[in-house]
Amino acid sequence: MAAAPAAATTRAPASSSSSFSATRVFVCCSRLGPPNLRAAIAAPPGWRLRKPFPVVSVAASPARSPLGSVSVDPMVDTLLDSVKWDSKGLAVAIAQNVDTGAILMQGFANREALAKTISTRKATFFSRSRSSLWTKGETSMNFINVHDIFLDCDCDSIIYLGKPDGPTCHTGAETCYYTSVYDALQGSKPNQDRQVTTTLYSLEDTISRRQEETVTEGSGKPSWTKKLLLDNQLLCSKIHEEAGELIQTLLENEDKSRTASEMADLLYHAMVLLRVKDVKMEEVLEVLRKRFPQSGIEEKAGRNKS
């Protein structure tokens, strides 16, 4: 699965007087034009809760149609001007899961679609077949709630980084991308449960499949993962052991490769525990993301009170 887009991780500061701090749009700064717009988006990295950006009543219209009489914040209008729209007034728009990094779907956006997405924080596209705007989820209610918007270095494609309310694909699959070319070349049929996964989620999927496997008599010894899934005491002892070995790499000043290896061992065993507890890695990352806006001390104090 494609990694999170390589863009400058910047955000508008909380103290900024600009209303542009209400959301973040990451862009190719060399194409932004006015220095005040570049300054408005240049800020320290991090996450925080955002309110919809005040773009007023964006109505559907043909792809080439300008926003016209629609009231648009001047800074948003300037940003829309910076996009390199094609001859039909469109740019590729990709939706990506903010926590898993999964590519959810791909469509097209025009000025109005991007403006509406900025305003509502719901992923909105332009339908070439219907020549009108459409918001993902307006029929299924499986909206994609946008946290960030990225433009690539050429400012001619868009990424909506967000959290889906449910399956994105019309087939009911979590994403539209579940067909592996290499699997197809080997004769395998598309599997909607197969996700475009990064290393972390490939590992999670493997652990999940091991849990579903049944060890039958004569099938040989169960895998190490299966043993861990069936024995809580063994699993807990291994997590303690691997945590201790990771700590030792710091106390004994071992090299980076050793630290990476021990962290990999600890992460693997911890993920087996998550599988036992029926907790997805996506849920863990969502918890981390929601903690970003506050200090660790404040978060821990609040957790103790609850």
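1. How many of the ten residues of helix H3 (residues 111-120) are buried? The count is eight, so this helix is mostly covered. The buried positions in H3 are Arg111, Glu112, Ala113, Leu114, Ala115, Thr117, Ile118 and Ser119. Please keep in mind that this is a predicted model.

2. Some context for the chain. It has 306 residues, and 40% of them count as buried. Its secondary structure amounts to ten helices and seven strands. Taking contacts between residues at least 6 apart in sequence, 58% link residues that are at least 24 apart.

3. Leu80 lies in helix H2 (residues 74-82) and is buried, with a relative accessibility of 0%. Between Leu80 and Glu112 there are 32 positions of sequence separation, yet their C-alpha atoms are 9.0 Å apart in space. Glu112 is itself among the buried residues of H3.

4. The residue after H3 deserves a look at its backbone. Arg121 follows the helix with a positive phi, near 60°, and it is a residue other than glycine. Arg121 sits in the loop that runs between H3 and strand S4 (124-127). Its relative accessibility is 23%, which means that Arg121 counts as partly exposed.

5. Met141 also has a positive phi in a residue other than glycine, here near 70°. This residue belongs to the loop between strand S5 (132-135) and strand S6 (144-151).

6. How do helices H7 and H8 pack, and at what angle? Helix H7 (residues 232-251) and helix H8 (residues 256-276) meet at about 155°, and their axes are 9 Å apart. An angle over 145° counts as roughly antiparallel, and H7 and H8 are therefore described that way. The crossing of H7 past H8 is left-handed.

7. The residues at this contact can be listed from both sides. H7 contributes Asn232, Leu235, Lys238, Ile239, Glu242, Ala243, Glu245, Leu246 and Thr249. On the H8 side are Arg258, Thr259, Glu262, Met263, Asp265, Leu266, His269, Ala270, Val272, Leu273 and Val276. By class, the contact is made up of ten nonpolar, four polar and six charged residues.

8. Leaving aside residues up to four places away in sequence, Glu242 touches Glu262, Asp265, Leu266 and His269. These partners are found among the H8 residues of the contact. Please inspect this charged side chain and its surroundings in the model.

9. Seen from Cys176, the closest cysteine sulfur is in Cys169, at 4.0 Å; the cut-off for a disulfide is within 2.5 Å.

10. The two cysteines also fall into separate accessibility classes. Cys169 is buried, at a relative accessible area of 8%, whereas Cys176 is partly exposed, at 37%.

Technical notes. Residues are numbered from 1 along each chain as its sequence is written. This is a predicted model: local features need pLDDT of at least 70, side-chain atom pairs count only at pLDDT 80 or more; totals for chains, interfaces and linings use all residues. Side-chain values use heavy atoms; hydrogens and water are left out. Buried means under 20% relative accessible area, exposed over 50%, partly exposed in between (1.4 Å probe, protein chains only). Axes are lines fitted to C-alpha atoms, for helices over the stretch in contact, and angles run from 0 to 180 degrees between N-to-C directions. Helices (H or I, at least four residues) and strands (E, at least two) are DSSP runs, numbered from the N terminus. Angles under 35 degrees count as roughly parallel, over 145 as roughly antiparallel, 65 to 115 as roughly perpendicular and the rest as oblique. A crossing is left-handed if the near helix is turned anticlockwise from the far one by less than a right angle, and right-handed if clockwise. Contact means heavy atoms within 4.5 Å.
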